[in-house]
Amino acid sequence: MANYDLTPRIAPNLDRHLVFPILEFLQERQLYADEDILKAKIELLNNTNMVDYAMDIHKSLYHTEEVPQEMVERRLEVVARLKALEEAAAPLVSFLQNPNAVGELRADKQYNLQMLSDRYQIGPEQIEALYQYAKFQFECGNYSGAADYLYQYRALCTNSERSLSALWGKLAAEILMQNWDVALEELNRLKEIIDSKSFASPLNQVQSRIWLMHWSLYIFFNHDNGRTQIIDLFNQDKYLNAIQTNAPHLLRYLATSFIVNKRRRPQFKDFIKVIQQEQYSHEDPITEFLACIYVNYDFDAAQKKMRECEEVILNDPFLGKRVEEGNFVPLRDEFLENARLFIFETYCRIHQRIDMGVLAEKLNLNYEEAERWIVNLIRTSKLDAKIDSKSGTVVMEPNHPNVYEQLIDHTKAMSGRTYKLVSQLLEQAPAQVAR
């Protein structure tokens with residue numbers, strides 16, 4: 001299953017700290033040799049300030065209590081740098097820890113800067129020191145402290161680029177602390193900035209959207225309403241175009257969300273067109289499963305692909321998380337249940353008469369259970385069908401499309417697409433003029 005592991009594609013689009021939970025998951029699933037995972041962790045840690053953690057992993061990897069001298073020296077360097085930054089940021093940190101003093105701040109940043117300078121002798125140097133101190137705390141693995149300081153820094157910062165950098169850092173910290181509600185708020189705030197900001201190049205904006213979608217996977221597959229919201233984000237034209245162009249592997253997560261989320265069927269038809277476009281250029285069991293049903297109408301292949309999908313979900317860091325028994329239904333179970341419905345709903349729509357015995361065999365149910373299952377399916381899916389008890393078959397009523405309704409639907413779709421195309425052209429025009 002390592003062939004379907006997306007870590008090599010996902011990791012370059014993440015902050016290095018966000019890669020650690022993925023490596024922990026892969027180590028637990030034993031998809032790779034334990035030694036390789038430990039080496040990957042040390043390589044990541046070499047560019048952070050989490051020296052103690054790196055030392056522990058080194059001891060575990062090489063079965064020794066000794067650590068290289070360079071690690072010891074690196075630790076001394078980190079401690080000294082932390083102390084220096086702490087002293088530089090101390091005046092502002094002291095101010096922010098005083099509720100009465102913080103109460104003097106207003107929404108007007110210029111007023112705040114002038115007030116801090118006049119009353120507390122706090123200027124741009126201390127504000128910059130707060131940013132560097134927060135960033136250093138993050139690199140040390142103190143995500144809680146980093147999130148607090150970055151939030152306070154953004155309230156004072158007047159540099160839009162530095163404020164944006166601080167927002168990325170705060171989002172990463174909230175994800176790593178598993179504060180999913182707060183992380184979702186920061187994600188939406190970051191999306192608004194990315195969509196409204198004027199980038200030097202359209203490619204930079206596309207790259208920012210790709211980063212945002214990768215980071216969002218942590219939130220959407222942990223937040224209560226995440227599987228709906230991932231569709232709202234990924235299925236937008238700007239983001240879907242970015243996926244198809246630069247990150248087709250993300251289609252796995254959008255496809256999974258559509259399968260486990262029945263309420264999103266109106267958007268599902270357009271997504272199947274994307275699957276059809278990408279089926280020969282991108283291979284993934286979950287998107288191939290949908291192609292088997294809705295593009296190729298190969299139901300036997302779809303049933304076989306389901307078993308492969310199950311393994312993919314179990315070994316995916318975002319889809320196969322360990323869950324406490326009785327807490328909630330594992331995504332794998334939801335996926336399999338809905339995948340079967342996808343198969344047989346489509347099967348019923350393209351066949352006029354279905355033998356109940358064959359259906360029972362495919363469902364791995366006895367005859368009575370299969371009969372109850374198809375009755376429920378007809379009710380929930382609003383299939384125009386009836387069961388013929390004498391012949392033991394399900395009879396599908398012919399469903400002739402209304403030509404007038406089809407014409408109206410196509411006209412609406414064409415109008416919507418035209419509007420979106422014009423909007424994209426207008427967005428790109430300022431960038432072309434600037435060049």
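In helix α7, residues K109, N112, L113 and L116 meet R154, A155 and L156 of helix α9, where a meeting or contact is scored when heavy atoms lie within 4.5 Å. Helices here (H or I, at least four residues) and strands (E, at least two) are DSSP runs, numbered from the N terminus. The structure is a predicted model, in which local features need pLDDT of at least 70 and side-chain atom pairs count only at pLDDT 80 or more, while totals for chains, interfaces and linings use all residues. Residues are numbered from 1 along each chain as its sequence is written, and side-chain values use heavy atoms, with hydrogens and water left out.

Of its 435 residues, 44% count as buried; buried means under 20% relative accessible area, exposed over 50%, and partly exposed in between, using a 1.4 Å probe and protein chains only. Among contacts with a separation of 6 or more, 61% join residues 24 or more positions apart.

To return to the opening pair, the axes of α7 and α9 come within 8 Å and cross at roughly 100°. Helix α7 is therefore roughly perpendicular to α9. Axes are lines fitted to C-alpha atoms, for helices over the stretch in contact, and angles run from 0 to 180 degrees between N-to-C directions. Angles under 35 degrees count as roughly parallel, over 145 as roughly antiparallel, 65 to 115 as roughly perpendicular, and the rest as oblique.

Helix α7 itself covers residues 109-120 and has twelve residues. The distance from its first C-alpha to its last is 16 Å, close to the 16 Å expected at 1.5 Å a residue; the expected span is 1.5 Å times one less than the number of residues. The buried residues of α7 are N112, M115 and L116. Seen down the axis of α7, these buried residues fall within an arc of 100°, so they line one face of the helix; the arc is that of the directions from the helix axis to the C-beta atoms. Their cover includes α5 (69-96) and α9 (143-156). On the face turned away from the buried side, α7 carries the exposed residues Q110 and D118.

D108 caps the N-terminal end, with a side-chain oxygen 3.0 Å from the backbone nitrogen of Q110. This is a polar contact, meaning a pair of N or O atoms within 3.5 Å; within protein, one must be able to donate a hydrogen and the other to accept it, and residues adjacent in sequence count only if both atoms are side-chain atoms. After α7 comes Q121, with a positive phi near 55°. Q121 sits in the loop between α7 and α8 (124-139) and is exposed because its relative accessible area is 57%. Most residues other than glycine have a negative phi. H63 also has a positive phi, near 50°, and is found in the loop between α4 (51-62) and α5. With a relative accessibility of 73%, H63 counts as exposed.

Helix α2 can be described along similar lines. Its 14 residues should span 20 Å at 1.5 Å a residue, and its end C-alpha atoms are 21 Å apart, which agrees. Buried residues in α2 are H17, L18, V19, F20, I22, L23, F25 and L26. At the start of α2, a side-chain oxygen of D15 reaches to within 2.8 Å of the backbone nitrogen of H17. Q30, with a positive phi near 60°, follows α2. In the loop between α1 (7-10) and α2 (16-29) lies P12, which is exposed at a relative accessible area of 59%. Although P12 and W211 are 199 residues apart along the chain, their C-alpha atoms are separated by 9.2 Å.

Two further buried positions complete the description. S163 belongs to helix α10 (residues 160-176) and counts as buried at 10% relative accessibility. Neighbours within four places in sequence aside, S163 is in contact with R154 and C157. L184, in helix α11 (residues 180-196), is buried with a relative accessible area of 9%. Not counting residues up to four places away in sequence, L184 touches I219, F220, H223 and Q229. L184 and G226 are 42 residues apart in sequence, and 9.1 Å apart in space from C-alpha to C-alpha.
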